[in-house]
Amino acid sequence: MRREFVRALWDLALGPLRVLDFLVQRSAALDELRGLLRSPEAVDEPGPVGALPARPLRLFLSCAEASGQIHALNFLRAVERECAAQGAPRPQWFGLGGEPLREAGVELVEELVTKAVMGFDGVTRALPFYLGVLRRCAERIRDERPDVVVLIDSPALHVPLARIAKRYGARIVHFVTPQHWAWAPWRTPSYAPAVDRALSILPFEKRWFERRGVDVVHVGHPLLDQLEGVPRAAADAPPRLVLLPGSRSRVIQLNLPWMLGAAAALRERRPELEVVIAHGDERRRHELEEHVAGARASAWARVEIGAFHATLAKSRAALSVSGTVLLDLLHVRLPTVCIYRVGSRRDVALQRWMFATPYFASVNLLAGRVVYPEYCFNGRGPLEQIVDELEQRLFDDQVRREVALGMDTAAVRLGPPGACARAARVALELARLSARD
């Protein structure tokens with residue numbers, strides 16, 4: 001623990017020099033990523049798992065946020081299906097997560113999901129808690145020697161935990177490679193020796209990490225395991241615009257009032273337009289409805305909670321924040337304009353200079369071109385231009401056909417479902433080798 005704390009302080013001290021070096025090399029990094037986007041990788045299909053031991057395998061499984069917990073549950077079920085298919089005993093699980101993982105049979109060292117924090121200030125205040133979590137995990141891994149340690153996303157927590165577990169001889173799988181290709185690539189040299197297998201979810205990530213010495217298996221995106229059976233948007237859907245303002249209060253506060261203003265401007269041109277604010281969390285209903293009332297939009301905009309994908313499928317276009325939700329929109333083939341509204345001009349400059357990507361919207365990265373127009377701005381931003389883009393995606397059939405072709409390209413490159421089953425086979429093979437050793 002002391003070693004990891006000293007490493008963190010050293011990284012912080014070197015931060016300004018690393019940023020300067022990155023800015024010098026940013027153009028080359030952009031060129032590299034553009035090249036990778038032009039030739040995406042197909043998913044890897046791991047071979048069958050060898051014979052598992054007669055004793056129950058001991059697996060450490062960790063996730064720190066709600067999205068990671070969904071993938072952790074699907075991964076756990078895939079592992080247990082594979083064990084059952086071989087007639088092997090059910091694995092013994094312990095680790096970090098939330099109540100759904102506990103109910104699935106994971107002994108929790110700490111309940112983390114409800115305590116997830118975002119932002120530097122939140123992390124600073126929570127640092128003693130997370131240091132305590134790392135220490136308890138280190139003690140359990142040292143004493144119980146799991147056959148494999150599976151860490152899902154959340155690299156700020158899981159990369160230090162991976163290094164600690166490696167010191168006790170554990171084999172490490174990190175499911176969802178960190179986005180070092182987008183920013184702070186100087187972190188990769190310390191990431192490579194921390195993991196035995198990194199599991200990538202986007203088709204350009206594998207070669208990027210392999211060039212930097214990381215052992216990578218491209219398993220595909222685990223969100224697709226959740227989206228099997230979700231219907232696509234109807235081609236003849238009514239003129240309905242769905243607003244997707246984000247999941248967290250700070251993001252909603254930054255985006256939803258602006259989105260409602262854009263929808264109001266569009267309704268001045270197209271009074272027949274319906275407007276829906278879609279969300280999956282009932283706890284946000286009051287907050288969302290307050291914003292609608294504050295924008296004096298209650299007569300023409302309504303909040304729909306639950307049945308999230310059904311709401312998307314009944315819509316004709318979307319105005320969305322950037323994030324994983326763009327892949328939900330891609331799956332239902334909904335034309336979208338993506339915004340990333342930030343709190344200051346400094347944040348706009350940081351996004352422009354500190355990201356080594358030609359696009360920030362995941363669908364555009366997949367397609368290798370602009371399919372969902374994307375805008376990062378502070379304040380009023382390019383309101384008229386965004387309203388024009390929305391009107392075209394709602395009412396211009398030629399634009400809608402062009403967007404449909406781009407979405408199809410992105411979806412094909414994203415690959416098929418089954419990421420959690422592929423990840424399970426990778427982890428079980430490592431666990432089998434550990435048990436043999």
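**Reading a helix pair and the chain around it**

Mentor: The protein chain has 17 helices and 13 strands. Keep in mind that this is a predicted model.

Trainee: How is the packing of two helices described?

Mentor: Two numbers do it: the angle between the helix axes and the distance between those axes. Take helix H15, residues 383–395, and helix H16, residues 397–414. They pack at about 90 degrees, and their axes lie 6 Å apart.

Trainee: Is H15 parallel or perpendicular to H16?

Mentor: Angles from 65 to 115 degrees count as roughly perpendicular, so H15 is roughly perpendicular to H16.

Trainee: Which residues make the contact?

Mentor: H15 contributes Gln392, Arg393, Leu394 and Phe395. From H16 come Asp397, Val399, Arg400 and Val403.

Trainee: How many of the residues in the contact of H15 with H16 are nonpolar, polar and charged?

Mentor: The contact of H15 with H16 has 4 nonpolar, 1 polar and 3 charged residues.

Trainee: Now the whole chain. What radius of gyration does the protein chain have, and what would a compact globule have?

Mentor: For 437 residues, a compact globule would have a radius of gyration near 22 Å. The protein chain has 23 Å, which agrees. Along the principal axes, its C-alpha atoms fill a box of roughly 70 × 50 × 45 Å.

Trainee: What share of the residues is buried?

Mentor: Buried residues account for 52% of the 437. The accessible surface of the protein chain is about 19,600 Å², and carbon and sulfur atoms hold 54% of that surface.

Trainee: And contacts along the sequence?

Mentor: Consider contacts between residues at least 6 apart in sequence. Of these, 70% join residues at least 24 apart.

Terms used. Residues are numbered from 1 along each chain as its sequence is written. This is a predicted model: local features need pLDDT of at least 70, side-chain atom pairs count only at pLDDT 80 or more; totals for chains, interfaces and linings use all residues. Side-chain values use heavy atoms; hydrogens and water are left out. Axes are lines fitted to C-alpha atoms, for helices over the stretch in contact, and angles run from 0 to 180 degrees between N-to-C directions. Helices (H or I, at least four residues) and strands (E, at least two) are DSSP runs, numbered from the N terminus. Angles under 35 degrees count as roughly parallel, over 145 as roughly antiparallel, 65 to 115 as roughly perpendicular and the rest as oblique. Contact means heavy atoms within 4.5 Å. Ala, Val, Leu, Ile, Met, Phe, Trp, Tyr, Cys and Pro count as nonpolar, Asp, Glu, Lys and Arg as charged, and the others, Gly among them, as polar. The radius of gyration is taken over C-alpha atoms; the globule rule is 2.2 Å times the number of residues to the power 0.38. Buried means under 20% relative accessible area, exposed over 50%, partly exposed in between (1.4 Å probe, protein chains only). Accessible areas come from the Shrake-Rupley method with a 1.4 Å probe; for residues, only the protein chains shown count as cover.
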